Amino acid sequence: MPELLRAEALTTDLGRRAGFLRPAVSLRAVDGVTLSIAEGEAFGVVGESGCGKTTLARTLLGLQREAAGEITLAGRRVSGLAPAEARRLRADIQYVHQDPGAALDPWWRVGATLDEGLRIHGVGDAAERAARIAEMLAAVGLDADFGQRYPHELSGGQQRRIGLARILLLRPKLVILDEPTAGLDLSVQASVLRLLAELRARFGLTYLFISHDLTVVRRVCDRVAVMYLGQVVEEGPAEALFARPAHPYTRALLAAAPHLDGRAAGPSLPGEPPSLRRIPAGCRFHPRCTRASALCAAQTPPTEAAGPAHHVACHHWREAA
Amino acid sequence: MLTALRHLLRDPVAALGLLIVVFALFVAIFAPWIAPRPEDAFESNIMLRLRPPSAEFPFGTDDLGRDIFSRVILGTRSALIVAVSVVLAAILIGVPIGLAAGWRDGWLSEVLMRVTDVFLAVPQLILALALGQLLAPGLTTAMVALALTYWPFFARTVFAETRRLRGALFVDALAGIGAHPMRILLLHVLPNAAPAVLVRATIGMGFTILTAALLGFLGVGAAPPTPDWGLAVAEARQHLPDAWWYATFPGLAIMLLVLGFNLLGDGLRDAADPRLRRSRK
């Protein structure tokens, strides 16, 4: 499969520019992330809240300007541009919000919101817009009369379907799904995941799937990257990564996940991830890691191959296995 | 819009406010035909001066023998015209300033909001009195002064709403699909700020009527012999407490209309919000 999106040593700073009597505040939310997503694949990004998943997504979209690094979309360099220009060139990437209900204007009927997206993207013919909207509503499994409703009149699952329809109407190649199943009960979750798989096959989509829910990522994704404090600590094919996690952080995440078959969940990670303002020296995970040694506190671990297309950044990954 | 109206009517207090305002509008439009003695607006009849309320003169007569009932009816129109034009002018100045200042941080926003603060600091009555001295005292001057001192309330309201809305997820989503900032501002932020503006405007109507009456009372508003409620209360002052009806009825008219606008304003705030709509079903 040809490569659709590539990010090379991508770095994003969040914060405010210096102003009058105000020093610049800056947080490095994404620090040297390298990703490669092939066409048609579902690529998962997992990690705890605040690890930079969403910032990574916004940087790839062009809503947040990268501080360093390079982004290539379908072989074309699209980084290093002013935000408006970057967003225009990356129209093939679209983003589905974490809370699709809040992503809809409460004053607009859903149909008008769908119509607006097409208008912005220059579909001038009203009849064509209406036809495409009707077709898309059917594709996401909603009746055509849902267009007449207001966002608050929809259930969580329906809101998610509308959020998807809105984005898919723009005919993107890569869809970034930010926690697409958060806050849904299990049966709705299953139907949303089924729908996502259907749409992917039907429209030939590539997914960048952001989630902290490992069971969901395992079901949907072909490849997975694990992020910790703005860096990718492990990346590999989903099967291999879940079967033989190499990084202690991945292992801890997997152990802490609840099991459906009634086994007790393993011990959860001690403490909260440290603040981005005080990033630990050496390996960023070492203060919470059970295998940390003096080396971990002193030296940033290099990224090593732990299997075919499986990479890990840990000094001790071999011992852990 | 119709749903909003239906919900408004379900709230008895708001419905009462709406009733008062609609009644006042009706009276204002048809005043010359409703008033039993429309000619009394300008003609005096000194033989009938200061008669107490009776079947012939329901609200009594004033010191020039004019029918107070007719004059209260005829005064409705000017009260409403003043209120509507002042509030409209204030909206036209305040809303664009609030939108522009709220959308982006920066020097423009700072300048606009500091200018707003300066205008907010000017006492309404003092500016009106000063303008009245500077220009010719009269209704137009009073209206200019009121509009000049009322727009900052709209600017601040819209500023706060824009600040709140620009961080909303749906604005972010719109930026994400490539919407132009102007589109977001005018088609999404403005309608979402509309309930707050509407509430402000409705309460502002009541407030303006009250202040206009006060200016009339102080002699920088409407000039005699115009049938103006505030002016009538001022003129009645010398005849208190004997001719109690002279001040009472124009005063009651002011109170009723102000109350109507305030009740309606509160009701509108609840009814116009689509999120509250569901919870009230």
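In this predicted model, A:F209 touches A:A42, A:F43, A:G44, A:L177, A:V217, A:V220 and A:C221, leaving aside residues up to four places away in sequence. A:F209 also turns up in the largest nonpolar core, a set of 159 residues. Together with A:I176 and A:L208, A:F209 touches the most other members of that core. The core draws on chain B too: helix α3 of chain B (residues 68-103) supplies 17 residues, the largest share.

Zooming out to chain A as a whole, there are eleven helices and twelve strands to keep track of.

Next comes the place where the two chains meet. Chain A puts 20 residues into the contact, and chain B puts in 14. On the chain A side, the elements giving two or more residues are α2 (83-89), β6 (93-96) and α3 (110-120). Sorted by class, this side of chain A has twelve nonpolar residues, along with four polar and four charged ones.

Some of the strands of chain A can be followed pair by pair. Strand β12 (residues 310-313) of chain A pairs with strand β10 (residues 231-237) of chain A in the antiparallel sense, over two bridges. Here A:E234 sits opposite A:V312 of β12(A). Strand β11 (residues 303-307) of chain A pairs with β12(A) as well, again antiparallel, over four bridges. In that pairing A:G307 has A:H310 in β12(A) as its bridge partner. β11(A) and β12(A) make a hairpin, with two residues between them. One residue in the turn, A:A309, has a positive phi of about 60°.

As for chain B, the UniProt record (an unreviewed entry) places the feature "domain: ABC transmembrane type-1" at residues 76-265. Over that stretch of chain B, the chain is 83% helix and 0% strand.

How values were computed. Residues numbered from 1 in each chain as written. Chains lettered and ligands numbered in written order. Predicted model: local features only at pLDDT ≥ 70, side-chain atom pairs only at ≥ 80, totals over all residues. Contact = placed C-beta atoms within 7 Å. Nonpolar A, V, L, I, M, F, W, Y, C, P; charged D, E, K, R; others polar. Core = buried A, V, L, I, M, F, W, Y, C linked by C-beta atoms within 7 Å. Buried ≥ 20, exposed ≤ 12 C-beta atoms within 10 Å, placed from the backbone. UniProt positions renumbered as here; feature names shortened; annotations may be inferred. Pairing = 2+ DSSP bridges.
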